[in-house]
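Trainee: Please take me through this model one feature at a time, giving the general idea before the particular case.

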Amino acid sequence: MADVTLKHVYKVYEGSVRAVNDFDLDIKDKEFIVFVGPSGCGKSTTLRMIAGLEEITAGQLYIDGELMNEVEPKNRDIAMVFQSYALYPHMTVYDNMAFGLKLRHTPKEEIDRRVKAAAEILEISELLTRKPKALSGGQRQRVALGRTIVREPKVFLLDEPLSNLDAKLRVAMRSEITKLHEKLETTFIYVTHDQTEAMTMGNRIVVMKDGFIQQVDTPITLFEDPSNLFVATFLGSPQMNIIEAELFMDGKTLKAKLNDLNNLVVEFPEIKAKQLANQRYIGQKVLLGIRPEHVKPQEGDLPVFVDVVEHLGDESILYTKMENRKEQLIIKMPFNSRIKANENIKVAFDMMHVYLFDHESHKAIMGIPHEDEIPVCINKGCLKVGAQELALDQEYEAHLLDEAFNNEVILGIKPDYISQEEIPNSLKLRAKLEFVEQKTDYQAVYFSLKGINGYFAMKVANEKEVKLGKEVELYLPYQRINVYNQEHIKLNSREIVYPNRGRAIVKSDETKLTIEVAGAKLTYPAEPEIESGEYELIFKQDKLLPLYNKKMFKQGLENPEMDNPHNKIKVSAYDEDVLGSKLLAYVEVKGFENYASFVIDNKFSVYKNPKFELYVPRDAFELKSL
Ligand code: ADP
């Protein structure tokens, strides 16, 4: 048994390098999970935190439900296989494999049993008396694996174990490792930058970029339903074609224009058109994606010019150009010797396999989204969704930033988390199930909400029955609900958000207004209508400007927008929450009963700079008589 759970895990290196942000993942027992992404995206850092080789800056790591943050690597029951498999050259294969167990004073007979069993699994029994120099690269890699197998760990961590092998051997070892996973029946966590390794080996794949998880899904779902442009173009070879397009309605039909000449227009089937996330995209520029295998030569009426033809034995790759477009259109088709370079041909797009992405955010906007985005309005104790007025859980409400209230905001939830069965502590919505699209791993069910235009998606297991046309209750677990503003800044935080409230001594005369609060003396132009005395002062969450160092303070002195840069308070932060391009810093303020929270930019991290100053403009607080 080995479940591995990462809860909001962060890694911030010296100099505020944010290597891993808000990494949240449940890895199931016996699962083969792959972390994939370009170099520098934080894969190894995450693996090293699981191994205990790197300290976790914030968040929790559990193995089998036990908190591991402070547990020594050797006591985590984990084994790690690295890229370089340094074997001891003077020792035999047997001794190389037995070495770690000897250090742990494992009894001799037990060592012998384990080494022989591992050698059998890896099919290297006849090599046990050899020295490493008499082995091939693949055999050495197997011995390196053997060294970890003999320890019988609960979890295997593999960090690009095949990248030192030549291409042919890599392919062979890929299936060896998959077989090994089946035989050992333990949890495997595998890091690679190679999409083919990820797609062929993982039960589930975690795609990462810039320290953030982009998507976690089975290989097939990642391929069928990428949640953004990055995932769409990262997986698949040749990669998905991406074409700038403009959506428009022709009567009741949704169409996309691929150039300004009106000779490249494609038409969406109704079931696809209904999956457009938001009607506001009509008339807008979007990015249209189509995989090379879904462009059909000699079937349609879209004219393209063939630049280059590559024959790869069983298939042909055509590199083509569309009139008035700079993007290349790549086509993959079964071997075809008739189409030649420098020819004009006509093609069709398989419109059931066309993707659309938002031009700016690059999120998928047709089909299964990363999160459903439902427009809502939140007042104290109540949440309005279209025509429905629902009671809002108090505990959840305590985690919302001020901006979430009395504004038009967006409720975000992953289609995976919406359930037709009652779940405790969840928001109950009435919805009508409208239509379903069969996917390989699940059914994509689209529902409507009274009073809101468009459809939202949920995932339903293949074996479950779906009653279309029916009003049903849907359950959205509060734990999984996000709230965003229109700029997509998250408005729900991990910690309870108290009002930023403290006592202030106010001195007011004809020349100036002076406020003593949080151990500081703040001075502003006179406001004679305010009387001197003791007040309650409430800082707004998003109006104070952080000053992380002296340089920023000096720049502040020259910044005309800071009337008086000396108007600043000292705070001491103990945690943070990434809200997108912003950060919520949880801080202690001198003289405040509860902690305070401030929305600041996320260019820095409180984990490395826990003490900083906040500039307080006059509009950043309110005074209330006591
Ligand atoms: P990957 O394994 O995906 O290639 P890493 O986890 O090695 O990525 O690195 C993620 C980010 O953290 C990169 O920006 C890298 O430069 C940075 N980084 C890694 N190790 C350190 C370190 N010891 N000190 C500072 N920055 C580091």
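Mentor: Helices here are DSSP runs of H or I with at least four residues, strands are runs of E with at least two, and both are numbered from the N terminus. This is a predicted model, in which local features need pLDDT of at least 70 and side-chain atom pairs count only at pLDDT 80 or more, while totals for chains, interfaces and linings use all residues. Residues are numbered from 1 along each chain as its sequence is written, and side-chain values use heavy atoms, with hydrogens and water left out.

Trainee: How many residues does H5 have, and what span does it reach from its first C-alpha to its last?

Mentor: The expected span of a helix is 1.5 Å times one less than its number of residues. H5 has 18 residues and reaches 26 Å, close to the 26 Å expected.

Trainee: Which residues of H5 are buried, and which are exposed?

Mentor: A residue is called buried under 20% relative accessible area, exposed over 50%, and partly exposed in between, with a 1.4 Å probe and protein chains only. In H5 the buried residues are Met 173, Arg 174, Ile 177, Leu 180 and His 181. These lie on the same side of H5 because they cover an arc of only 135° around the axis, the arc being that of the directions from the helix axis to the C-beta atoms. Lys 168 and Glu 182 are exposed on the other side of H5.

Trainee: What do the buried residues of H5 pack against?

Mentor: Contact means heavy atoms within 4.5 Å. The partners of the buried H5 residues are strand S3 (32-36), H3, H4, strand S8 (187-192) and helix H6 (195-201).

Trainee: Which residue follows H3, and what is its phi?

Mentor: Glu 123 follows H3, with a positive phi near 55°; it is a residue other than glycine. Glu 123 lies in the loop between H3 and H4 and is partly exposed, with a relative accessible area of 48%. Asp 77 is also a residue other than glycine with a positive phi, near 60°. Asp 77 belongs to the loop between strand S5 (66-67) and strand S6 (78-81), and at 34% relative accessibility it counts as partly exposed. After H1, in turn, Gly 52 takes a positive phi of about 90°.

Trainee: How many of the residues in H1 are buried?

Mentor: Helix H1 (residues 43-51) is mostly covered, with seven of its nine residues buried, including Leu 47, Met 49 and Ile 50.

Trainee: Where does Leu 544 lie, and is it buried or exposed?

Mentor: Leu 544 lies in the loop between strand S32 (533-539) and strand S33 (545-547), and it is buried, with a relative accessible area of 3%.

Trainee: Which peptide bond is cis?

Mentor: Omega describes the peptide bond, and the bond from Ser 237 to Pro 238 is cis, with omega near -10°. Pro 238 lies in the loop between helix H8 (229-234) and strand S11 (241-250).

Trainee: How many helices and strands does the chain have, and what share of its residues is buried?

Mentor: The chain has eleven helices and 38 strands, and 51% of its 626 residues are buried. Of the contacts with a separation of 6 or more, 67% are between residues 24 or more positions apart. Along its principal axes the C-alpha trace spans about 95 × 75 × 50 Å.
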